[in-house]
Amino acid sequence: MCIRDRFKALDEGPKSGYSLMKYIRDKTGTKPSPGSIYPLLDQLKKERLVEAKTIGRSHEYRLTAAGKQKTALIEIRRKECVQSLVNSMKMMSTLTGEDFSMPQQMIESMERGEEPFKELNPELDEFRSQFMSMYQKGTIRKNAAKIKKILGKAIRELKAL
């Protein structure tokens, strides 16, 4: 989840750190740790983009006026980036003859607020993490045959669905 989504969560209304973690989990399928949320909130407070109000034992965070302006600016830049990406895919498709319709459809669905693969995010994150760990350890090449076998089996099972 990007910083825009964290801002968006606060733009919808004040939230505690815990509520913010639940919001992100509900939106992405992956719950951030307190060790990632609270330092971010502290940084946003230092930048005067959020303010905190103590309620009992917890803090309720809300966007400041500067935070709301930053949210609007992030949204404008995000839309510009998405449009640039879509235009680039169309150009590449025209130049190469390759079909880029699937990535374009995914981007369009995300623009509508849908999140592709939301139900699978924890598993996809773990797969990516495991694969990158193997890459960093240099164990992919020596295990290539086993990895191909595992992936081939997974692909066959997915096709059978």
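The crossing of helices α2 and α3 is right-handed, a crossing being right-handed if the near helix is turned clockwise from the far one by less than a right angle and left-handed if anticlockwise. The structure is a predicted model, in which local features need pLDDT of at least 70 and side-chain atom pairs count only at pLDDT 80 or more, while totals for chains, interfaces and linings use all residues. Residues are numbered from 1 along each chain as its sequence is written, and side-chain values use heavy atoms, with hydrogens and water left out.

The axes of α2 and α3 lie 10 Å apart, and the two helices pack at an angle of about 120°. Axes are lines fitted to C-alpha atoms, for helices over the stretch in contact, and angles run from 0 to 180 degrees between N-to-C directions. That angle makes α2 oblique to α3; angles under 35 degrees count as roughly parallel, over 145 as roughly antiparallel, 65 to 115 as roughly perpendicular and the rest as oblique. On the α2 side the contact (heavy atoms within 4.5 Å) is made by G17, Y18, L20, M21 and I24, and on the α3 side by P34, I37, Y38 and L41. Eight of these residues are nonpolar, one is polar and none is charged. In this classification Ala, Val, Leu, Ile, Met, Phe, Trp, Tyr, Cys and Pro count as nonpolar, Asp, Glu, Lys and Arg as charged, and the others, Gly among them, as polar.

The largest nonpolar core has 14 residues, of which L10, L20, I37, L41 and V50 touch the most other members. Such a core is a set of buried Ala, Val, Leu, Ile, Met, Phe, Trp, Tyr and Cys residues joined through side-chain atoms within 4.5 Å. Two or more residues each come from α1 (3-11), α2 (17-28), α3 (34-46) and β3 (58-63). Helices (H or I, at least four residues) and strands (E, at least two) are DSSP runs, numbered from the N terminus.

Helix α5 (residues 101-111) has Q104, I107 and S109 buried, that is, under 20% relative accessible area with a 1.4 Å probe and protein chains only. The buried residues of α5 pack against α4 (65-96). The angle between α4 and α5 is about 160°, with the axes 10 Å apart, and the two helices are therefore roughly antiparallel. Their crossing is left-handed. R78, V82, L85, V86, M89 and K90 of α4 meet P103, Q104, I107 and E111 of α5, a contact with six nonpolar, one polar and three charged residues.

Methods: Buried < 20%, exposed > 50% of the residue type's maximum accessible area, 1.4 Å probe, protein only.
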